[in-house]
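Here is a short briefing to read alongside your structure. Have the sequence and the 3D view open, and let's take a look together.

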Amino acid sequence: MRIKAILFTVLITQISLVVNAQEFPQQDLDSVTITSTQRIDLPFKKNSRTISIITKTDIKNSAAVNVADLLQQVAGVDIRRRGAGGSQADLFIRGGGFDQTLLLINGIKMDDAQTGHHTMNAALPIEIIERIEIIKGPAARVFGQNAFTGAINIVTKRTLENTISSNLETGSFGQLNGNITAGIQQENASHIVHVGRVTSEGYRFNSDYDNANYFLQSIFNKDEQAIELITSFMERKFGAQNFYTPPSRGFTEYEETQSSLIALSTTFRKEKLKLTPRVYWRRNQDEFLLQRNDPSFFRNFHITNKIGIETNASYVSKLGITGFGVDVSQYYIQSNNLGNRNRFLATAFLEHRFKLAKGKLDITPGVAMTYFSDFDFNAFPGLDIGFEISPNVRAYGNVGYTYRIPTYTDLFYSDPATLGNANLEPEEAFAQEIGIKYFSKSFNASIAVFNRDATNLIDYIRPNTTTGIFTATNIAEVNTKGLEFDASYTFKLGNFKQHLAIGYSYLDDNILDQNEELSRYSLNTLKHQYITRLSTQLFKNISQNIVYKYAERTTGQTYNVWDASIALRLKQAELTITASNIFNADYIETGFVPMPPSNLLFGLRYTFK
């Protein structure tokens, strides 16, 4: 009740202020071209897959302070956090595992051969994100083997004007956050620089964190053959109490991670041909201590490196658009637990988009063919079909095979409670989906139903409840089916736009045919998920956002979480208040880690022009 009273008081106080500001803008999805499809770029309305877009306006209105919190507001996406501050979270789409979802940054594949558990380590600060593209369903023919249940592409802002924006936040649990984002425009180059730090004393014992973010994006020779450079370095240091062990064991776990990226790319355009070569290096480092103040008790230390070279291209002809590409990657790992190993992957992509029936029908068959140095060669065919019923209505469907080879953790990890399995087989699945989308200036809606028949899914299983060791095992066959619905409505109240968005997902699988006490990861999917966000503006300088999230997991746990934010814009300054878990819901998203109780975060942003 005290937090609600504070929010009400702040709102009334802000209403009484008279300042000069502008209406908060809304971004039109008609202007968005989906780039995550790698080779064939299409307008959002013309795509024949289930794709969700988080625009820069959505980010501003989200009441979220990091990408993990932001993705929790998308139906069909399950972010399972262990604590606050974006220190650690696992990413799931449509009931898949955290090893089955691919994260990309501007189309660069950020997969890690050690484990998908580090996927979100590479997530960028929201200050430099233009939009996030979420591709649900089988995407292996587009991205390769890690996009088993979907992919998420973070698209950075292309340029910023000559500005410096500083942000300072403080709040509950000793939170103290600060960052600076600068845009630099030169005669034939542009740069975006971001430096930030996020700290907290923690909301419970051994839950403190100290996280740093560094990002540089430069475009050189932009008036002729532009060359784009992206570099990032994300460092996380956090108390990991009960992240991996139950409270009864009494350990004081601690972890430090580093995720870095360096990439160079350019795009050649010549009439009907577009060619984009890219070279990149992605590094991840992970150190885990079972006893925080005693590294000699139990310590895991891993360094993984991925060096990639890829070229994606598209060619326009009378028959449609042909997309093709080659991706070559070399992985290295140095680990005191997993050993020193390497893996080579080479993938060739081919797809073609046919347009028939006077352009109303599109058919896109495609295939990805991959050579693995330590597993068999495999091919992932797929087919997308779309039909324009009217300028505002599109029906679509897709089918595809998908595949995932085991990570080094799956194969070789060992500790007193967990054991890898060098004899694991790759995961495989055949997935199908049909859906329909409606678009207009004020109202968008989509509904999709999907089915996935998977074999050899990998989970950590123990034979009985008296056995303490979970061993990586190929589960036999698992069927997953579900439904997703999304809608958004923009309307005017007075002279200001208001925005309401809702999302619902239903998931059903037969994995519960197994004994839930014998599985470590698979038996905690979201059966029902409902999300709504209301963004309102009643005065030209004030905006409010309320987010409601409902979740019911297959284990029977249900919870309701309310978040809210208020922003006051004063010319070049912006004051914000963000309230999380307003009604103090008691819930766990994964493992043994209770999520933070009600908390407040106060922010001040100032832009120097």
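Which residues form one aromatic cluster? They are Phe-238, Phe-243, Tyr-244 and Phe-288. Please keep in mind that this is a predicted model.

**Aromatic pairs**
- Across the whole structure, a search finds 19 aromatic pairs.
- One of them joins Phe-243 and Tyr-244 edge-to-face, at 6.3 Å centre to centre and with 70° between the planes.
- Phe-243 is buried, at 6% relative accessible area, while Tyr-244 counts as partly exposed at 28%.
- Tyr-606 and Phe-608 also pair edge-to-face, with 4.8 Å between centres and 65° between the planes.
- Both partners count as partly exposed: Tyr-606 at 32% relative accessibility and Phe-608 at 45%.

**Nonpolar cores**
- The largest nonpolar core holds 36 residues, and Val-67, Leu-71, Ile-132 and Ile-134 have the most contacts inside it.
- Several elements supply at least two residues each, including helix H3 (67-71), strand E8 (129-136) and strand E14 (227-239).
- H3 gives the most to this core, with four residues.
- Ile-134 touches Leu-71, Val-77, Ile-93 and Ile-152, among others.
- Another core, of 25 residues, lies apart from the largest one; Phe-251, Tyr-331, Phe-380 and Ile-458 are among its members.

**Charges over rings**
- Arg-39 sits over the face of Phe-349, 4.2 Å from the ring centre.
- Lys-437 lies over the face of Tyr-396, at 4.8 Å from the ring centre.

**A buried asparagine**
- Asn-444, in strand E27 (residues 443-455), counts as buried because its relative accessible area is 18%, under the 20% cut-off.
- The Asn-444 side chain reaches the backbone nitrogen of Ser-440 at 3.2 Å.

Key: Residues numbered from 1 in each chain as written. Predicted model: local features only at pLDDT ≥ 70, side-chain atom pairs only at ≥ 80, totals over all residues. Heavy atoms only, no water. Core = buried A, V, L, I, M, F, W, Y, C linked by side-chain atoms within 4.5 Å. Buried < 20%, exposed > 50% of the residue type's maximum accessible area, 1.4 Å probe, protein only. Contact = heavy atoms within 4.5 Å. Polar contact = N/O pair within 3.5 Å; in protein donor to acceptor, adjacent residues only side chain to side chain. Phe/Tyr/Trp six-rings, centres within 6.5 Å; stacked < 30°, edge-to-face > 60°. Lys NZ or Arg CZ within 6 Å of the ring centre and 35° of its normal. Lists of a residue's contacts leave out its neighbours within four places in sequence.
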